[in-house]
Amino acid sequence: MSDPAGTPARNPGAAPGSASTPRRLTAATFLGDNTVEPMRRLVNDLSHRGLDVELQHLGDRSTPNALAKAADVDLLWMCGGLVVEQQAAGALAHDVVAAPVFTDQPGPVYHSVIVARHDGPKTTAEALGGPVAINEPQSWSGHRALRRHLSPIWFATEMISGSHRESLAAVAEGRALCAGIDHSIWTATPEPSLVVIDRTTDWPAPPVLIRRGLPAATVETITAALIEFTDDGVDRTVDRFVPAETSDYEVMG
């Protein structure tokens, strides 16, 4: 394959300094199950654009696993609060390039819904005796957004469930009075036995990041694929991605 001048075209996935040897890139989402399909579609699009990208199918997308693996991923999607922390610690050599506009949201924002049983507390104030189910202490949507929402008060007791799904189960089974759930997860798979009793304010939606040092052509290809991403009408999670930068997330620091 050559350009019009007869010079061999450069593979956008080629390693720096190489015009012919492509380096396989890796991509992963450390967010909820509902983000796997949009990421898969993005990776498929990148393959059509000439990049060799492997989607890492992570069974464990917890914060500990993200901390252990994110640094080695070229294209990653993860919690904005965690990104701010990791960049401040010098543990993440990635730049924020885009943010999702979730279905039915006005822009690149998200929030947490506070859910309880139909026969449970009707307001967050009524649930303060706890326990509240949180998926992880480091989670923004499952914990920290709720803390900011209620500050300076907090629940009398809490339980760590391990995931948003487990938090929903804990409330449904009566092991917790309420839980904070990422609204996009709730929208994708609401639990019929639960009802929303409150919500937090909007926060910057979890960003997509690209590893620093990749060839400029690779970064341009990935960025173009993100900005040209559109909802397929089937997977109703992300309508589109819009440009974003690290400074957009300083509010979460």
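Tutor: Let us start with burial, where buried means under 20% relative accessible area, exposed over 50%, and partly exposed in between, with a 1.4 Å probe and protein chains only. In helix α7, the buried residues are T218, T221, I222, A225 and L226. Looking down the axis of α7, these residues fall within an arc of 135°, so they line one face of the helix. That arc is taken from the directions from the helix axis to the C-beta atoms.

Student: Before we go on, what sort of model is this?

Tutor: This is a predicted model, in which local features need pLDDT of at least 70 and side-chain atom pairs count only at pLDDT 80 or more, while totals for chains, interfaces and linings use all residues. Residues are numbered from 1 along each chain as its sequence is written, and side-chain values use heavy atoms, leaving out hydrogens and water.

Student: Which exposed residues does the face of α7 turned away from its buried side carry?

Tutor: That face carries A216 and E220.

Student: And what do the buried residues of α7 pack against?

Tutor: Contact means heavy atoms within 4.5 Å. The partners of the buried α7 residues include α1 (36-48), β4 (94-102) and β13 (238-243). Helices (H or I, at least four residues) and strands (E, at least two) are DSSP runs, numbered from the N terminus.

Student: How many aromatic pairs does a search of the whole structure find?

Tutor: Rings of Phe, Tyr and Trp (its six-membered ring) pair if their centres lie within 6.5 Å; planes under 30 degrees apart count as stacked, over 60 as edge-to-face and the rest as tilted. The search finds 4 such pairs. For W140 and W203, the ring centres are 4.9 Å apart and the planes are at 75°, so this pair is edge-to-face. W140 belongs to helix α4 and W203 to strand β11, so the pair ties together parts that are 63 residues apart in sequence.

Student: Is W140 buried or exposed?

Tutor: W140 is buried, at a relative accessible area of 2%. W203 is buried too, at 9%. Another edge-to-face pair joins F229 and F241, with 5.2 Å centre to centre and 75° between the planes. Here F229 sits in the loop between α7 and β13, and F241 in strand β13. Ring pairs also link W77, F229 and F241 into a cluster.

Student: Where does R147 lie?

Tutor: A charge sits over a ring if NZ of Lys or CZ of Arg is within 6 Å of the ring centre and within 35 degrees of the ring normal. R147 lies over the face of W154, 4.1 Å from the ring centre.
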